[in-house]
Amino acid sequence: MGRAFEYRKATKMKRWGHMARTFTKLGKQIAVAVKAGGPEPENNPTLRAIIATCKRENMPKDNIERAIKNACGKDQSDYKTMTYEGYGPHGIAIFVDTLTDNATRTVGDVRSVFNKFNGNLGTMGSLAYLFDHKAVFTIRKKEGVDMDELILDLIDYGVEDEFDEDSEENSVTIYGDPKCFAQIQKHLEENGFEVLAAEFTYIPNDVKDVTPEERESIDKMVERLEDFDDVQTVYTNMKPAED
């Protein structure tokens, strides 16, 4: 239990940055989901999952509805998922997940930050072996549910035998195979679980120690990357700072 909890908890609050940027990023995710599966949440499980995340991030209902309406417009941009990988300062691996309507602009922005911080942007897939791609679901904990039994049941749907509990939020986070995202979500919903957030993430399979000075320079690079609207999330294999 908790193989990724320390890493995920340390990065959870800074993954999205400021509120305005958060809503812009979530708006893009809504646009992609609507284009792929339509504007009705009840018929679009991906959209339902994103709306759950929006609510957890305190995105106002009006913003969500506006993003869905805008996504139905003919003049909406066609966003594509692009990932960029490379090494930042002090040999730290950096994985940049983006949604963009202009790949030329985005790769130029990302490359400029790597260059500024003396990093090296590699080819797509070059650092994938350093990270585990996971589907992550955070659900409201139900009274009387034995988590070990629940996980045992969910294993048949692609979930790992590992979970994290958050007593403050009365929630449980489970991890699974990204290819099984839809079936995991469907099984949770059919069994009456409130899905608080559902997303994909990259978890480093090994973390690297850094000095406080090195951490400062890497954090600055990550923050600069996250400033771009096209960038959804930045992952590194830097060991989380101790509280």
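**Cores, helix packing and selected residues in a predicted model**

Cys180 is buried, with a relative accessible area of 15%. Buried here means under 20% relative accessible area, exposed means over 50%, and partly exposed lies in between (1.4 Å probe, protein chains only). The model is predicted: local features need pLDDT of at least 70, side-chain atom pairs count only at pLDDT 80 or more, and totals for chains, interfaces and linings use all residues. Residues are numbered from 1 along each chain as its sequence is written, and side-chain values use heavy atoms, with hydrogens and water left out.

The structure holds 0 disulfides. A disulfide is a pair of cysteine sulfur atoms within 2.5 Å. Cys54 is in no disulfide. The nearest cysteine sulfur to that of Cys54 belongs to Cys72 and is 15 Å away. Cys54 counts as buried because its relative accessibility is 0%.

The largest nonpolar core has 19 residues. Such a core is a set of buried Ala, Val, Leu, Ile, Met, Phe, Trp, Tyr and Cys residues joined through side-chain atoms within 4.5 Å. Phe137, Ile139, Ile174, Ile184 and Leu188 have the most contacts inside this core. At least two core residues come from each of β4 (131-140), α6 (147-154), β5 (159-166), β6 (171-176), α7 (181-190) and β7 (195-204). Helices (H or I, at least four residues) and strands (E, at least two) are DSSP runs, numbered from the N terminus. Helix α6 supplies the largest share of the core, 4 residues.

Phe137 illustrates the contacts around the 19-residue core. Contact means heavy atoms within 4.5 Å. Not counting residues up to four places away in sequence, Phe137 touches Val172, Thr173, Ile174, Phe181, Ile184, Gln185, Leu188, Val195, Ala197 and Ala198.

Two packed helices are described by the angle between their axes and the distance between the axes. Helix α3 (residues 45-56) packs with α7 at an angle of about 70°, and their axes are 10 Å apart. The angle therefore makes α3 roughly perpendicular to α7. Axes are lines fitted to C-alpha atoms, for helices over the stretch in contact, and angles run from 0 to 180 degrees between N-to-C directions. Angles of 65 to 115 degrees count as roughly perpendicular, those under 35 as roughly parallel, those over 145 as roughly antiparallel, and the rest as oblique. On the α3 side, Pro45, Thr46, Arg48 and Ala49 take part. They meet Phe181, Gln185 and Glu189 in α7. The residues of this contact divide into 3 nonpolar, 2 polar and 2 charged. Ala, Val, Leu, Ile, Met, Phe, Trp, Tyr, Cys and Pro count as nonpolar, Asp, Glu, Lys and Arg as charged, and the others, Gly among them, as polar.

Ser171 sits in strand β6 and counts as buried at 3% relative accessibility. Beyond its neighbours within four places in sequence, Ser171 contacts Arg56, Thr138, Ile139, Lys141, Asp164, Glu165, Asp166 and Leu196. Pro204 lies in strand β7. With 8% relative accessibility, Pro204 is also buried. The C-alpha atoms of Pro204 and Ala128 are separated by 9.5 Å, although the two residues are 76 residues apart along the chain.

Asp97 lies in strand β2. Its relative accessibility is 17%, so Asp97 counts as buried. Neighbours within four places in sequence left aside, Asp97 is in contact with Thr81, Met82, Thr83, Asp230, Val231, Gln232, Thr233 and Tyr235. Lys28, in helix α2 (residues 19-37), is buried with a relative accessible area of 7%. Residues up to four places away not counted, Lys28 touches Tyr79, Leu99, Asp229, Asp230 and Gln232. Lys28 and Asp78 are 50 residues apart in sequence and 9.6 Å apart in space, C-alpha to C-alpha.

Most residues other than glycine have a negative phi. Asn58 has a positive phi, near 60°. Asn58 lies in the loop between α3 and α4 (61-71) and is exposed, with a relative accessible area of 57%. His90 has a positive phi as well, near 65°. The loop between β1 (80-87) and β2 (93-100) holds His90, which counts as partly exposed at 38% relative accessibility.
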